[in-house]
Amino acid sequence: MKYKLVVCDMDGTLLTSSHKISEYTANIIKQIENNGVKFIIATGRPYLDAKFYRDSLKLKSYLITSNGARAHNEENKPIVIENIQNEENRIFTSTTSKLV
């Protein structure tokens, strides 16, 4: 079976404990792409954090960020944007304000 896509988390997976991508990992990702397999970063981190690491790998790929609330295509255009709705935000704010 030939894989078409590899999706990788960042923290504790792609990144070392010092928040860097090892040379070994970068080489493996290059091999993956050279074999015609897409490599996508998916993370709970915000878009700009993921974009920094993707760009450092010289990848042209999609990003899934903000715990899935955002996705950007290869040209960095947002294709998924899910914000907290106003009513949900009001309930959250009123509930958490009582905790303080």
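Two strands are taken to pair if DSSP finds at least two bridges between them. Strands (E, at least two residues) and helices (H or I, at least four) are DSSP runs, numbered from the N terminus. With that in mind, strand E3, residues 63-65, and strand E4, residues 70-72, are joined by three bridges and run antiparallel. Within this pair, Ile 64 stands opposite Ala 71 of E4.

This is a predicted model, in which local features need pLDDT of at least 70 and side-chain atom pairs count only at pLDDT 80 or more, while totals for chains, interfaces and linings use all residues. Residues are numbered from 1 along each chain as its sequence is written, and side-chain values use heavy atoms, with hydrogens and water left out.

Let me turn to the whole sheet. Five strands form an open sheet of mixed pairing, in the order E1-E2-E3-E4-E5. Strands E1 (5-8) and E5 (78-81) stand at the edges with a single partner strand each, so one side of each lacks a neighbour in the sheet.

Helix H3, residues 47-56, packs on the sheet and touches E2 (38-42), E3 and E4; contact means heavy atoms within 4.5 Å.

Asn 27 counts as partly exposed because its relative accessibility is 35%, between the limits for buried (under 20%) and exposed (over 50%), with a 1.4 Å probe and protein chains only.

Finally, confidence: pLDDT, the predictor's confidence in each residue from 0 to 100, averages 90 over the protein. Confidence is highest in E3, at 97, and lowest in helix H4 (residues 86-97), at a mean of 68.

Notes: Axes are lines fitted to C-alpha atoms, for helices over the stretch in contact, and angles run from 0 to 180 degrees between N-to-C directions.
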